[in-house]
Amino acid sequence: MKTISIVIPAYNEENNIAPLTTAIKSFFPHHRYQYEIIFIDDGSTDNTLTQIQKIAQQDKHVFYLELSRNFGHQNALKAGIDYATGDCVITMDCDMQHPPHLLNSLIEKWEEGYDIVYTRRIENQNTSLVKKESGKIYYHIFNWLAEVNIEKGTADFRLMDRRVVEIFTGFNENDLFIRGLIPWLGFKQTAINYEPNERLSGKTKYSLRKMFLLAINGITSLSIRPLYAAIYLGLTISLLAILAIPFVIISFQPHRHIIFIWASILIAIAFFGGMQLTILGTIGLYIGKIFLQVKHRPLYIVRKTNIPDHQ
Ligand code: UDP
Ligand code: MG
């Protein structure tokens, strides 16, 4: 029998653990596959870990990784995938927004021979307007800058074959942006659509600020095109400045109003100052990433687990 691992990062999800486990077990094709459910407690401050441990004591299919602090959704996912032992790994959220009844469809596609089965969220009333619109705009910008193509509505609800998992676990890059890496990886991929449920309990862990950071991270970890933008912009502005010289000389009149000249100079200084800072910031961001990467720190630290051989 093949084994399927289900990897679920959980950050303050105490009321979702039990219902999600029950739902997964009721939809899982038990007679055909072995399975393991791995919860990653990403430094929760509520009773998430106790809940998981309680279930793990009664159910030999349930495992947990307790991270030493909050390392963020993407790193928590990486931890779970690294420790999973299945012939394929399914990642999903802890709040039931990723419908557990889709497990069967994911597995069916895998059995058809696909290495990666990802999912596309069809928008319904359970997707907030901000998420919908910002997602749309972001994926446009991302696809243009990063030269890979993330489809609209894809998130971290997918199945990966062991083959892909082996490659993926070898990635030790900071600022993981898994949904951007997946199209980059290639392999035989297919998608299924789903309508998200409402979050069962608790509230979203992705504030606007976190979404913005993930967005910037996504682009800068997969592409250096923003640096090209600095060069193009610089060249264009220099060219415009050179072209402007003859106009200034021709239109020179000794009695022109002095304030007008002052104002235009000030605006120009502010404009170019802002532009230079933005470009410097962009370069700085990449240097910062190099700095963090060369330290080779682990992406996550496991404090405790009940996974055999790792205890
Ligand atoms: N999550 C996590 N660490 C974090 C933030 C989120 O493990 O620092 C988990 C969270 O428990 C959930 C998943 O990542 O299982 C997605 O988070 P959420 O549902 O809040 O995001 P949304 O669906 O609103 O985008
Ligand atoms: Mg959610």
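Which residues are buried in α1? The legends below take up this point and others. The structure is a predicted model, in which local features need pLDDT of at least 70, side-chain atom pairs count only at pLDDT 80 or more, and totals for chains, interfaces and linings use all residues. Residues are numbered from 1 along each chain as its sequence is written, and chains are lettered from A and ligands numbered from 1 in the order in which they are written.

**Figure 1. Helix α1 and its cover.** In α1 (17-27), the buried residues are I17, L20, T21 and I24. Because these residues cover an arc of only 100 degrees around the axis, they lie on the same side of α1. The arc is that of the directions from the helix axis to the C-beta atoms. A residue is called buried if 20 or more other C-beta atoms, placed from the backbone, lie within 10 Å of its own, exposed if 12 or fewer do, and partly exposed in between. On the other side of α1, T22 and S26 are exposed. The cover over the buried residues of α1 includes β1, β2, α2, β3 and α4. Helices (H or I, at least four residues) and strands (E, at least two) are DSSP runs, numbered from the N terminus. An α-helix has 3.6 residues a turn, so residues three or four places apart point the same way.

Figure 2. T48, L49, Q51 and I52 are buried in α2 (48-58). They span an arc of only 160 degrees around the axis and therefore sit on the same side of α2. Q57 and Q58, on the other side of α2, are exposed. The partners against which the buried residues of α2 pack are β1, α1, β2 and β3 (62-67). D46 is placed in the loop between β2 (34-41) and α2. D46 counts as partly exposed because it has 13 C-beta neighbours inside 10 Å. Leaving out residues up to four places away in sequence, D46 touches N12 and E14, a contact being a pair of C-beta atoms, placed from the backbone, within 7 Å. From C-alpha to C-alpha, D46 and Y228 are 45 Å apart in space and 182 residues apart in sequence.

**Figure 3. The largest nonpolar core.** This core has 57 residues, of which I6, V7, I37, I38, F39 and I90 touch the most other members. A nonpolar core is a set of buried Ala, Val, Leu, Ile, Met, Phe, Trp, Tyr and Cys residues joined through C-beta atoms within 7 Å. F39 touches I8, A10, I17, I52 and Y64, again not counting residues up to four places away in sequence. In soluble globular proteins, nonpolar side chains tend to be buried together.

Figure 4. L103, L106, I107 and W110 are the buried residues of α4 (103-111). Their arc around the axis is only 95 degrees, which puts them on the same side of α4. These buried residues pack against β1, α1, β4, β5 (116-121), β6 (154-161) and β7 (189-194). Just after α4, G113 takes a positive phi of about 115 degrees. P99 is found in the loop between β4 (88-91) and α4. With 17 C-beta neighbours inside 10 Å, P99 is partly exposed. Neighbours within four places in sequence aside, P99 is in contact with Y194 and N197. P99 and F157 are 58 residues apart in sequence and 9.6 Å apart in space, C-alpha to C-alpha.

**Figure 5. The shell around ligand 1.** Ligand 1 is surrounded by 16 residues, the closest being P9, Y11, C94, T204 and K205. A residue belongs to this shell if its C-beta atom, placed from the backbone, lies within 6 Å of the ligand. Both β1 (3-10) and α3 (73-83) supply at least two residues of the shell. By class, the shell has six nonpolar, five polar and five charged residues. Ala, Val, Leu, Ile, Met, Phe, Trp, Tyr, Cys and Pro count as nonpolar, Asp, Glu, Lys and Arg as charged, and the others, Gly among them, as polar.

**Figure 6. Two loop residues with positive phi.** D175, in the loop between α6 (162-169) and α7 (178-185), has a phi near 50 degrees. D175 counts as buried because it has 20 C-beta neighbours inside 10 Å. H296 has a phi near 55 degrees and lies in the loop between α10 (258-294) and β8 (302-305). H296 is exposed, with 8 other C-beta atoms within 10 Å.

Methods: Two residues are in contact if their C-beta atoms, placed from the backbone, lie within 7 Å.
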